[in-house]
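Here are a few "how do you know" questions to work through with the model open. Have a look first.

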Amino acid sequence: MHTSRPRTGPRRTSRILPRAFYARPTLEVTADLIGKVLVHRAPEGVAAGVIVETEAYIGESDPACHAAPGPTARNAPLYGAPGMAYVYLNYGMHYLVNAVTEAEGQPAAVLIRALEPLEGLDLMARRRARGGVVAEADLCRGPGNLTRALGLSLAHNRSDLTNAPLSIEDWAVPPMDLAWGPRIGISVGTDRLWRCWAAGHRSVSRRRQGFVSPA
DNA sequence: CGTTCGATGCACT
DNA sequence: GTGCATCGAACGT
């Protein structure tokens, strides 16, 4: 005999990553987020993409981490519960989104640097358009670009990633080979190889940097 | 291909 | 006042 299953989506209820996923060593989360899907369900529509590039920022001893100066008003989310979003404004014009990791009181997070667009490409293109047309592979290429394509802003700071409207989910994406290298765009802590990306992927930012390592 | 540089707001010293 | 976890246009090779 065979059991009957609801036709509308096996595993649908368990697609969103649970808090336990984030309550782990940050470098593990940094690697495991590659291939997961960042989803923003907004009133104007759904936009989602496969995470293909991440960076770890770990603790007050990491000079590039926003927690390096100790607790401040801005970095408070880093000290909070794992699975929350840490969003901040960079260079006065770009929002960057992180997933908070480790345990509460232990400041660490994973920066999401690039996505492969999956759903809501028209919506992404509209949000990104500033005069010209943006190529599909470039829609969510770079941490400032992806937040713009998904419509994320400071309003999403401290948002719970284990709930709508902003979540990270397991959509059973085919496995990808991982590569590691130095983090990008920082002037300190460049000795740590805490940037992780899907090797050879077209949506990864600054593809010339870094090197491939066995998965 | 490569590198340089200006935009632009705010947290922190 | 200083310095950004960036981006894209402009310019050099």
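Q: What makes the Arg113 approach to DNA strand C a polar contact?
A: This is a predicted model, and in it a polar side-chain atom of Arg113 sits 3.3 Å from a phosphate oxygen of DNA strand C. The cut-off is a pair of N or O atoms within 3.5 Å, so the 3.3 Å pair qualifies as a polar contact.

Q: Why is the pairing of Arg113 with Glu55 called a salt bridge?
A: The closest N and O atoms of Arg113 and Glu55 are 3.8 Å apart. The limit is within 4 Å, so the pair counts as a salt bridge. The two residues sit in distant parts of the chain, Arg113 in strand β5 and Glu55 in strand β2, 58 residues apart. Both Arg113 and Glu55 are buried, and they belong to a network of salt bridges that also includes Glu53 and Arg195.

Q: Which backbone pair also counts as a polar contact with a phosphate oxygen of DNA strand C?
A: That would be Asn145: one of its polar backbone atoms is 3.1 Å from a phosphate oxygen of DNA strand C. With the cut-off at within 3.5 Å, the Asn145 pair makes the list.

Q: Why is the link between Glu169 and Arg41 a salt bridge?
A: Their closest N and O atoms are 2.7 Å apart, and the limit is within 4 Å, so the pair is a salt bridge. Glu169 lies in strand β6 and Arg41 in strand β1, so the pair ties together parts that are 128 residues apart in sequence.

Q: Why does Arg24 count as partly exposed?
A: Its relative accessibility is 22%. Buried would need under 20%, so Arg24 falls in the partly exposed class. Arg24 forms a salt bridge with Asp32, with the closest N and O atoms 2.9 Å apart.

How values were computed: Residues numbered from 1 in each chain as written. Chains lettered and ligands numbered in written order. Predicted model: local features only at pLDDT ≥ 70, side-chain atom pairs only at ≥ 80, totals over all residues. Heavy atoms only, no water. Polar contact = N/O pair within 3.5 Å; in protein donor to acceptor, adjacent residues only side chain to side chain. Salt bridge = Lys/Arg side-chain N within 4 Å of Asp/Glu carboxyl O. Buried < 20%, exposed > 50% of the residue type's maximum accessible area, 1.4 Å probe, protein only. Helix = DSSP H or I, 4+ residues; strand = E, 2+ residues; numbered from the N terminus.
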